[in-house]
Amino acid sequence: MRLHTGGEEIAPQHTPATLGPPEYAISTRDLAKSYPGPKGTTTHAVSGLDLDVHRGETFAFLGPNGAGKSTTIAMLCALARPTAGHATVAGADVRTQPHQVRQRVGMLFQQSALDPDLTPEQNLRIHARLYGLRRAHVHRRTAEVLEVAGLTDRRSSPVRTLSGGMRRRLEIARQLLHAPGVLFLDEPTTGLDPHARAQIWDHLYALRERNGSTLFITTHQLDEAANCDRVAIIDRGRLVAQGAPGALKAAIGDDRVLLRTDQDERAHRVVHRMVPRGHSVTRQTDGICLRLPDGSSWIPRLCATLESHGIAVRAASATPPTLDDVFFHHTGRSIHGTQHGGGR
Ligand SMILES: Nc1ncnc2c1ncn2[C@@H]1O[C@H](COP(=O)(O)OP(=O)(O)OP(=O)(O)O)[C@@H](O)[C@H]1O
C-alpha cells in the first residue's frame with residue numbers, strides 16, 4: 001500500500017452542518033479524491049465517503065486491493081488533499097488545519113522507518129526529536145512507550161536482532177510518543193506469522209483499554225475486521241457498508257451452504273433449479289456454494305434431491321454469514337477476487 005501526497009487544487013471550503021458532532025474522532029462527508037489517470041482519464045480513488053468513527057473505537061477499514069484505503073488514510077492524516085468533501089480528525093479540519101491534524105494523529109506505515117542498526121531507544125529518541133518533543137519529556141516518554149510495547153528489556157539491542165512482531169510493536173510505540181488522539185494503522189499485521197499477528201492484536205486492544213486510543217485500521221483480513229468494534233467496507237472508492245460486524249452480518253441474513261459431491265457440475269444444475277430466484281448458487285473449487293436464509297434446514301432436502309439424481313453428497317455444511325458474505329452481498333464478488341460465477 002502506498003501513501004500519496006496529492007497536489008491538486010482544492011475547492012473552496014466551509015464546514016457543513018452535516019459533519020458528525022465533535023465527539024467523533026473522525027467524521028467525513030462526501031470526501032473524495034481523484035487522480036489523473038492514463039490517457040486523459042480520471043481515477044476516482046475515493047468518492048462520496050461518509051464515515052463516523054467514535055472516540056475510543058477500534059475501527060476497521062476493509063477493502064480489496066485498490067479499493068481506496070491508502071488514499072483515505074492519506075487524506076485523514078492530512079498527507080493528501082481531498083479533491084472534494086470535508087473531514088475532521090481529532091477535532092481538526094484536514095483542509096484548513098492540516099498541521100493540527102498531523103500533530104494529533106499517529107500513523108503506522110507499512111514500510112518500516114526504523115534504523116536496523118540502532119537500538120529501540122535510539123530510534124525512539126530520534127523520532128521524538130524530529131517530532132519536536134521537549135528534551136525533558138523525551139526520556140520519560142521513551143521509557144513509557146517501550147514499557148507499553150513490552151520492549152523494555154530489549155531497549156538496547158540493535159533493531160535488526162528483534163523479531164518481526166517486536167519491530168512492529170516498536171513502530172507502533174514510535175507513533176505513540178506524542179500521545180496522539182487517533183492512531184492510523186495501515187495493514188499492521190502484514191508479513192507477520194499467526195502468532196505475531198495475535199500478539200499485535202493483543203497489544204492494540206491493550207492500547208485501547210489503557211489509553212482509550214481511537215484505532216483506525218486498514219486490512220483485507222476478514223477475521224481482523226470482524227474483531228473490531230465497527231467496520232467500514234470500501235470497494236472501488238465507495239463505501240459499501242458501515243456498522244458493527246455482527247449487525248452487518250445479521251442484516252444480510254443468508255447462511256453459506258457448501259455441498260461437496262461426486263459430480264459437482266451436474267449437482268450445480270440440479271441445485272440451481274431447486275433454489276428460489278434471487279439466491280446465489282456458485283461453483284467453487286471446493287464444491288457448490290449457496291447463500292440461503294436458514295441454510296441448515298435446506299441440507300436434508302438438497303441431499304435427498306441430489307441422491308435421487310444418482311449424485312452422491314460427500315459433505316454438506318451451513319455456516320452463518322461472514323464479512324466476506326457481506327462484501328459479496330453488496331458487490332457480487334468475494335473480497336479476495338472470486339466472481340459471482342453463474343449464481344442467481
Ligand atoms: N498517486 C496516484 N496517482 C494515480 N492513481 C493513484 C495514485 N494513488 C492511488 N491511485 C489509484 O487510486 C486507486 C486507489 O488506490 P489505493 O492505494 O488508495 O487503494 P488501496 O485500497 O490502498 O489498495 P492496496 O490494498 O492495494 O494498497 C487505485 O486505482 C490506484 O491505482
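User: Let's start with α8 and α11: how are they oriented to each other?

Analyst: Two packed helices are described by the angle between their axes and the distance between the axes. Here the axes of helix α8 (residues 245-252) and helix α11 (residues 323-331) cross at roughly 50° and come within 9 Å. That makes α8 and α11 oblique to each other. Angles under 35 degrees count as roughly parallel, over 145 as roughly antiparallel, 65 to 115 as roughly perpendicular, and the rest as oblique. An axis is a line fitted to C-alpha atoms, for helices over the stretch in contact, and the angle runs from 0 to 180 degrees between N-to-C directions.

Before we go on, keep in mind that this is a predicted model: local features need pLDDT of at least 70, side-chain atom pairs count only at pLDDT 80 or more, and totals for chains, interfaces and linings use all residues. Residue numbers run from 1 along each chain as its sequence is written.

User: Got it. Which hand does the crossing of α8 with α11 have, and which residues of α8 and α11 meet?

Analyst: The crossing of α8 past α11 is left-handed. A crossing is left-handed if the near helix is turned anticlockwise from the far one by less than a right angle, and right-handed if clockwise. From α8, Pro245, Leu248, Lys249 and Ile252 meet Leu323, Asp325, Val326 and His329 of α11. The contact of α8 with α11 divides into five nonpolar, one polar and two charged residues. To sort them yourself, count Ala, Val, Leu, Ile, Met, Phe, Trp, Tyr, Cys and Pro as nonpolar, Asp, Glu, Lys and Arg as charged, and the others, Gly among them, as polar. Two residues are in contact if their C-beta atoms, placed from the backbone, lie within 7 Å.

User: Now α9 and α10: at what angle do their axes cross?

Analyst: Helix α9 (residues 264-274) and helix α10 (residues 295-308) have axes that cross at roughly 130° and come within 10 Å. So α9 and α10 are oblique to each other too. This time, α9 passes α10 in a right-handed crossing. Ala267, Val270, Val271 and Met274 of α9 make the contact with Leu302, Thr305 and Leu306 of α10. By class, the contact of α9 with α10 has six nonpolar, one polar and no charged residues.

User: What about α3 and α5: how are they oriented to each other?

Analyst: The axes of α3 and α5 cross at roughly 30° and come within 9 Å, so α3 and α5 are roughly parallel. The crossing of α3 past α5 is right-handed. On the α3 side the contact uses Pro120, Asn123, Leu124 and His127, and on the α5 side Leu170, Ala173 and Arg174. That contact of α3 with α5 comes to four nonpolar, two polar and one charged residues.

User: Let's stay with α5. How many of its residues are buried?

Analyst: A residue is buried if 20 or more other C-beta atoms lie within 10 Å of its own, exposed if 12 or fewer, and partly exposed in between. Ten of the 13 residues of α5 are buried, including Arg167, Glu171, Ile172 and Leu176. The buried residues of α5 pack against β6 (105-108), α3 (120-130), α4 (135-148), β7 (182-186) and α6 (194-211). Helix α5 (residues 164-176) reaches 19 Å from its first C-alpha to its last, close to the expected 18 Å. The expected span is 1.5 Å times one less than the number of residues.

User: Which way does phi go in Ala179 and Arg236?

Analyst: Most residues other than glycine have a negative phi. Ala179, though not a glycine, has a positive phi of about 50°, and phi of Arg236 is near 50°, also positive. Ala179 lies in the loop between α5 and β7, while Arg236 is in the loop between β9 (230-235) and β10 (238-243). Ala179 counts as partly exposed because it has 14 C-beta neighbours inside 10 Å. Arg236, with 15 other C-beta atoms within 10 Å, is partly exposed.

User: And what does the protein hold overall, in helices and strands?

Analyst: The protein has eleven helices and 14 strands. These are DSSP runs numbered from the N terminus: helices are H or I with at least four residues, strands E with at least two. Of the 344 residues, 38% are buried.
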